[in-house]
Amino acid sequence: MPAKYGAVAKVFAISDSLQSKIQSGLAPTQQQADTGPKPNSINLYVLGYNQSKKITTLNELVKKNLQQYLSQYRMLTDQVNILDAFTVNIGVNFDITVYKNYNMQDVMALCLGAIKEYFDIDKFNINQPIRLGDLALLIQAQDGVQSVNRLEIVNKYFFKDGRDYQPYRYDITAATVDGVIYPSLDPCIFELRYPEDDIVGSARQ
């Protein structure tokens with residue numbers, strides 16, 4: 001879509017019928033259709049960036065422009081529903097042991113950089129899970145790290161710590177299965193909103 005009509009940062013598409021199967025047994029959300037799944041209907045979950053490149057919902061004008069733009073490329077029998085995904089803001093707490101011949105501050109800086117890179121919002125997508133094993137291996141691979149003693153993902157939420165986190169609480173523990181933190185059934189994205197503050201690490205030798 002041409003930039004003059006607005007910018008879409010994140011998109012997740014799923015058929016309405018498949019989404020209804022996933023949601024079976026759950027109370028319908030406001031964004032779900034009142035009449036059940038529709039044939040040839042696609043649910044398009046979208047998000048954008050604000051001026052500080054933090055995840056935000058798209059305004060109605062951009063959604064309208066997107067709907068109009070997509071109408072040029074769909075069949076007459078198809079229907080595209082433009083919906084909001086939601087954002088789960090997270091923080092990372094970790095503890096490492098550093099080899100004795102390494103400077104702890106230097107090693108910690110490498111680890112912080114690696115975690116920021118893992119959660120780079122340009123690379124993170126709607127409904128992408130967090131694989132704790134992969135993240136732990138990434139930290140372990142930094143020069144000077146002897147072991148990763150603790151790695152924890154925590155939920156940040158609306159106005160916690162005085163920040164403008166999104167107003168969604170998420171049970172990280174319940175969403176974790178075999179070392180993988182899964183997104184909710186309603187499409188969402190995990191966002192490390194303030195990397196400078198939301199990554200808390202400690203080191204020992």
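Is Y168 buried, partly exposed or exposed? Y168 is partly exposed, with a relative accessible area of 35%, where buried means under 20% relative accessible area, exposed means over 50%, and partly exposed lies in between (1.4 Å probe, protein chains only).

This is a predicted model, in which local features need pLDDT of at least 70 and side-chain atom pairs count only at pLDDT 80 or more, while totals for chains, interfaces and linings use all residues. Residues are numbered from 1 along each chain as its sequence is written, and side-chain values use heavy atoms, with hydrogens and water left out.

**Aromatic rings**

Rings of Phe, Tyr and Trp (its six-membered ring) are said to pair if their centres lie within 6.5 Å, and planes under 30 degrees apart count as stacked, over 60 as edge-to-face and the rest as tilted. The count by this rule is seven aromatic pairs. In one of them, the ring centres of F86 and Y168 are 4.8 Å apart and the planes stand at 50°, so the pair is tilted. This pair links distant parts of the chain, since F86 belongs to strand 5 and Y168 to the loop between strand 7 (145–156) and strand 8 (176–177), 82 residues apart; helices (H or I, at least four residues) and strands (E, at least two) are DSSP runs, numbered from the N terminus. Elsewhere, ring pairs link Y118, F119 and F124 into a cluster. A ring can also have a charge over it, which is counted if NZ of Lys or CZ of Arg is within 6 Å of the ring centre and within 35 degrees of the ring normal; the charged end of R169 sits in this way over the ring of Y157, 4.1 Å from its centre.

**Salt bridges**

Side chains of opposite charge can pair when their charged atoms come close. A salt bridge is taken here as a side-chain nitrogen of Lys or Arg within 4 Å of a carboxyl oxygen of Asp or Glu, and by this rule there are ten salt bridges. Three of them are set out below.

| Salt bridge | N to O distance |
|---|---|
| D84 and K63 | 2.7 Å |
| D95 and R204 | 2.6 Å |
| K116 and E196 | 2.6 Å |

D95 lies in strand 5 (residues 86–98) and R204 in strand 11 (residues 199–204), so their pair ties together parts that are 109 residues apart in sequence. D95 counts as buried at 6% relative accessibility, whereas R204 is partly exposed, with a relative accessible area of 44%. The pair of K116 in helix 3 and E196 in helix 5 (residues 195–198) links parts of the chain 80 residues apart; K116 is partly exposed at 29%, and E196 counts as exposed at 62%. Salt bridges that share partners also join E60, K63 and D84 into one network.

K53 is found in the loop between strand 2 (41–49) and strand 3 (55–56), and N127 in the loop between helix 3 (104–118) and strand 6 (130–131). K53 counts as partly exposed at 40% relative accessibility, and N127 is likewise partly exposed, at 22%.
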